[in-house]
Amino acid sequence: MASTIRPYDESLLRKAFDVARRSREGGDHPFGSILADRDGNVLLEQGNGYSSEGGDRTAHAERLLATRAGKAYGLDFLAECTMYTSAEPCAMCSGTIYWAGIGRVVFGQSEKEMKQQIGESEENPTLDLPCHVVFAAGQRPTEVVGPMLAAEAAKLHEEYWSGR
């Protein structure tokens, strides 16, 4: 599936970065996601929930947002929505996005770049499996755009992971 860039993609991705900053400032991991409809209207936002969800290692921003979206909206509607996320969804999150039915993902930093930046981390043992590979294994299309604004996305993680 060919990726298409929309005029509002960068501004909405930066809004996801803002969610990630607020997550970090609130004591959680620096990840954030938003869901927008086909016209670019923000519907939901979600920060990482590792700390706020009691140390739940599966409480990634993307998984939490996809679960909320799947409960709130139907498949036909979500097929035209976009998840904007500060980092490439891991394999777990990609599976959740797929099952929720979200039709498009725009991400900042790639998993591969994050793994290189963070190194080994017990709290973030990065799965270097590109989301497009997970989505390609499914029966419904999921468009992927990214990495986009990767240097800005990487700044969200500077100093956060050192010493953890």
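This is a predicted model: local features need pLDDT of at least 70, side-chain atom pairs count only at pLDDT 80 or more; totals for chains, interfaces and linings use all residues.

User: Is E143 buried or exposed?

Analyst: E143 counts as buried, because its relative accessibility is 9% and the cut-off for buried is under 20%. R104 is buried as well, at 2%.

User: What network do the salt bridges that share partners make?

Analyst: They join D9, R104 and E143 into one network. The R104 to D9 contact is a salt bridge of 2.7 Å, N to O. D9 belongs to helix α1 (residues 9-25), 95 residues away from R104, and D9 is buried at 0% relative accessible area.

User: How many salt bridges does the structure hold?

Analyst: Eight. Another one pairs R14 with E10, at 3.7 Å, N to O. Those two are four residues apart in helix α1, so about one helical turn separates them. R14 is partly exposed at 34%, and E10 is partly exposed at 40%.

User: OK, switching to the inside. Which residues have the most contacts in the largest nonpolar core?

Analyst: L35, I97, I102 and F135, in a core of 17 residues. Helices α2 (61-72), α4 (91-100) and α6 (131-136) and strand β4 (104-109) each supply at least two of the core's residues.

User: And what does I97 touch, beyond residues up to four places away in sequence?

Analyst: E62, A66, M83, P89, I102, V105 and F135. There's also a second, separate core of 15 residues, which includes F17, A20, L149 and A153.

User: Why is α4 largely enclosed by the rest of the structure?

Analyst: Because seven of its ten residues are buried. Those are C93, S94, G95, T96, I97, Y98 and A100. Their cover includes α2, α3 (75-78), β3, β4 and α6. After α4 comes G101, with a positive phi near 100 degrees.

User: Last one: where does S86 lie?

Analyst: In strand β3 (residues 82-87). S86 is buried, with a relative accessible area of 1%. Leaving out neighbours within four places in sequence, its contacts include F17, A20 and A153, along with P30, F31 and G108.

Technical notes. Residues are numbered from 1 along each chain as its sequence is written. Side-chain values use heavy atoms; hydrogens and water are left out. A nonpolar core is a set of buried Ala, Val, Leu, Ile, Met, Phe, Trp, Tyr and Cys residues joined through side-chain atoms within 4.5 Å. Buried means under 20% relative accessible area, exposed over 50%, partly exposed in between (1.4 Å probe, protein chains only). Contact means heavy atoms within 4.5 Å. A salt bridge is a side-chain nitrogen of Lys or Arg within 4 Å of a carboxyl oxygen of Asp or Glu.
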